Amino acid sequence: VVEKWQSRMTSSTGISDEDAAALIEELFTGFDHALLYERDIRASSTLVHRGQVNSVQARVEEMPCWTLHLNLAGGGIFLSENMERRTAPGDMMLMRPDARYHYGLHPLEEDWQHLWALFQPRPHWAELTAWKELDQGISLLVLPEGEARSRVERLFRELIDIGHSGGVEQSDLQHNKLEEILIRARAVLGEQESKALDTRIRHACEYMQSRLEKKFTLEEVAAE
């Protein structure tokens, strides 16, 4: 980037507004997101408006940490080799360090507001981070509108506030808050999985009851 723009920057005529905008966009899209992570947990919020510099898509090749996003309003887009996800309010995206993807404001949206956190999970968080995987290292959990989503958002904002507090206890407080976020989110996922299982079991029971006079195999029931 330096070699490409150096001659224009040092020109006697200066740099035009169009070139300045193009330079800023190139710096943003090529920004190494790994530089954002410098301690146990870093959390913040981002509001993107179409036309702003941060509205262009960013590329993430590899991170030294996990990344968690909570979509609050508007919509973003996450793209990888085998996946495209347009996020909506309540969507939580979880990325492992090995995830490679592009993300940003969705082309059909004017705004996108989301909360995010960079962190290293505690060893006992393995089950809490076992979400539906969309692609390598990229997982999704959808919080339905209601109290569960409101609670997770409130906890996420508290996590951000703790990051501004400082003090020797900051790291422990942040980890406790993030663990509660993951527990609350995983509880919602457990309820969704239970409902899906209940539906399959109910369907299997109805199938068997409708054929009590006939013989059927377990494989036939499972296929239904």
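The questions and answers below go through the terms one by one.

Student: What kind of model is this, and how are residues numbered?

Tutor: This is a predicted model, in which local features need pLDDT of at least 70 and side-chain atom pairs count only at pLDDT 80 or more, while totals for chains, interfaces and linings use all residues. Residues are numbered from 1 along each chain as its sequence is written, and side-chain values use heavy atoms, with hydrogens and water left out.

Student: How many helices and strands does the chain have, and what makes a run of residues count as one?

Tutor: The chain has five helices and ten strands. Both are DSSP runs numbered from the N terminus: a helix is H or I over at least four residues, a strand is E over at least two.

Student: What makes E2 and E7 a pair of strands?

Tutor: Two strands pair if DSSP finds at least two bridges between them. E2 and strand E7 (residues 101–105) have three bridges, in the antiparallel sense, so by the definition they pair. One of the bridges joins Ala58 to Tyr103 in E7.

Student: What holds paired strands together in general?

Tutor: Strands of a sheet pair through backbone hydrogen bonds, either parallel or antiparallel.

Student: Why are E1 and E9 said to stand at the edges of their sheet?

Tutor: Their sheet is open and antiparallel, with six strands in the order E1-E8-E3-E6-E10-E9. Strand E1 (41–49) and strand E9 (132–135) each have a single partner strand, so one side of each lacks a neighbour in the sheet. Neighbouring strands here are turned by 25 degrees against each other on average, direction ignored.

Student: How many bridges join E3 to E8?

Tutor: Strand E3 (residues 66–74) and strand E8 (residues 111–119) run antiparallel and are joined by eight bridges.

Student: What does helix H3 touch?

Tutor: Helix H3 (residues 147–163) packs on this sheet and touches E1, E3, strand E6 (91–95) and E8, its direction making about 60 degrees with that of E8. Touching, or contact, means heavy atoms within 4.5 Å.

Student: What lies between E9 and E10?

Tutor: Two residues lie between these strands, which form a hairpin, and Gly137 in the turn has a positive phi of about 80 degrees. Three bridges join E9 to strand E10 (residues 138–142), running antiparallel, and Asp135 has Ile138 in E10 as a bridge partner.

Student: Why is the contact between Asp91 and Arg85 called a salt bridge?

Tutor: A salt bridge needs a side-chain nitrogen of Lys or Arg within 4 Å of a carboxyl oxygen of Asp or Glu. For Asp91 and Arg85 the N to O distance is 2.9 Å, so the pair qualifies. The whole structure has twelve salt bridges.

Student: What is the spacing of Arg151 and Glu147 in helix H3?

Tutor: They are four residues apart in helix H3, which means a separation of about one helical turn. Glu147, at 46% relative accessibility, is partly exposed.

Student: What makes the link between His114 and His69 a polar contact?

Tutor: A polar contact is a pair of N or O atoms within 3.5 Å; within protein, one must be able to donate a hydrogen and the other to accept it, and residues adjacent in sequence count only if both atoms are side-chain atoms. The side chains of His114 and His69 make such a contact at 3.1 Å. His114 is in strand E8 and, at 3% relative accessible area, is buried.

Note on methods
Axes are lines fitted to C-alpha atoms, for helices over the stretch in contact, and angles run from 0 to 180 degrees between N-to-C directions. Buried means under 20% relative accessible area, exposed over 50%, partly exposed in between (1.4 Å probe, protein chains only).
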